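Me: I'm new to this one. Can you walk me through it?

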Amino acid sequence: MKPTKGIIIAGLLALSFGIVGNSFASETGTNKALNDYKRIMQNKNSINKSSALKSSSLDELTVSKFSVPKFNLLPAQEILDYDGENLKDLLVDNKEELSFMMNGKQAQGIIIANETEPLTMGAPEYGEELYKLYNSIELDPTSEIYYFEARGGGAFLVVDENTESIYLSNFTASIFDLSPHEEYSASTIIEKLKENAQIPKGQYGASAESQGNIISAD
């Protein structure tokens with residue numbers, strides 16, 4: 001018995017919806033963040049004609065070909081109670097990734113996202129600095145690299161076998177009263193984290209957001 005025309009049409013519709021559904025499902029949180037950022041900045045450009053990032057530049061933005069796992073710090077009290085030697089013990093994997101918004105070879109912002117949802121994006125100056133810091137770090141084929149934030153500033157942790165090295169952004173280095181873009185041992189940074197865990201967050205004043213155009217996803 002041949003299928004009726006109605007069954008054929010229903011089957012085609014089901015197939016079409018399945019394709020569309022898979023297309024939406026395949027869009028990553030990082031890609032959503034980039035598209036949201038472009039839309040938000042284009043809206044701002046339409047209001048503020050003197051905006052530095054024009055539509056032509058926005059259209060050229062892409063996501064970096066690599067990403068870095070972003071870990072979160074443990075709560076302050078757990079940091080204070082920690083008596084070990086490994087910084088990674090103080091980090092929690094929330095399945096988030098740091099990516100860069102690129103215009104050619106130049107970074108023009110950052111993206112923080114999980115597999116399906118954007119979290120924050122923007123900060124052109126911070127993105128440029130962080131991208132330069134990342135590229136200045138010498139990584140071996142066996143090295144693991146992670147991104148984390150302390151009091152709103154970013155840093156990279158590099159784990160090579162049993163050795164940990166930490167590199168601080170300008171903002172994080174200013175919090176810790178250290179020099180930025182230099183290599184530090186885990187013991188040095190753990191000590192600084194313990195010192196700062198005792199300081200109320202409101203006493204810092206500035207944050208990474210002050211570095212410009214950081215946008216939180218809705």
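This is a predicted model: local features need pLDDT of at least 70, side-chain atom pairs count only at pLDDT 80 or more; totals for chains, interfaces and linings use all residues.

Me: What does the chain average for pLDDT?
Reply: The average is 83. At least 70 is the score for 74% of the residues.

Me: Where is the pLDDT below 50?
Reply: Residues 1-25 are one such stretch. Beyond near neighbours in sequence, that stretch has 1 contact in the model. Residues 202-210 also stay under 50. For those, the model has 9 contacts beyond four places in sequence.

Me: New topic. How many salt bridges are there?
Reply: The count comes to 7. One of them pairs lysine 88 with glutamate 144. Their closest N and O atoms are 3.8 Å apart, and the cut-off is 4 Å, so the pair counts.

Me: Where do lysine 88 and glutamate 144 sit in the chain?
Reply: In distant parts, 56 residues apart. Lysine 88 is in the loop between α4 (76-81) and β3 (91-103). Glutamate 144 belongs to strand β6 (residues 144-150).

Me: How accessible is lysine 88? And glutamate 144?
Reply: Lysine 88 has a relative accessible area of 30%, so it is partly exposed. Glutamate 144 is partly exposed too, at 37%.

Me: What does lysine 95 pair with?
Reply: Aspartate 93. The closest N and O atoms of that salt bridge are 3.5 Å apart. Lysine 95 is exposed, with a relative accessible area of 62%. Aspartate 93 is partly exposed, at 36%.

Me: Which residue forms a salt bridge with lysine 132?
Reply: Glutamate 128 does, with closest N and O atoms 3.6 Å apart. Both residues lie in helix α5 (residues 124-136). They are 4 residues apart, about one turn of the helix.

Me: Why does that spacing matter for which way residues point?
Reply: An α-helix has 3.6 residues a turn, so residues three or four places apart point the same way.

Me: Is lysine 132 buried or exposed?
Reply: Lysine 132 is exposed, with a relative accessible area of 52%. Glutamate 128 is partly exposed, at 29%.

Me: Which residues of α5 are buried?
Reply: They are Tyr126, Gly127, Glu129, Leu130, Tyr131, Leu133 and Tyr134.

Me: Last one. What span should α5 have?
Reply: At 1.5 Å a residue, its 13 residues should span 18 Å. The end C-alpha atoms of α5 are 18 Å apart, so the model agrees.

Key:
Residues are numbered from 1 along each chain as its sequence is written. Side-chain values use heavy atoms; hydrogens and water are left out. A salt bridge is a side-chain nitrogen of Lys or Arg within 4 Å of a carboxyl oxygen of Asp or Glu. Helices (H or I, at least four residues) and strands (E, at least two) are DSSP runs, numbered from the N terminus. Buried means under 20% relative accessible area, exposed over 50%, partly exposed in between (1.4 Å probe, protein chains only). pLDDT is the predictor's confidence in each residue, from 0 to 100. Contact means heavy atoms within 4.5 Å. The expected span of a helix is 1.5 Å times one less than its number of residues.
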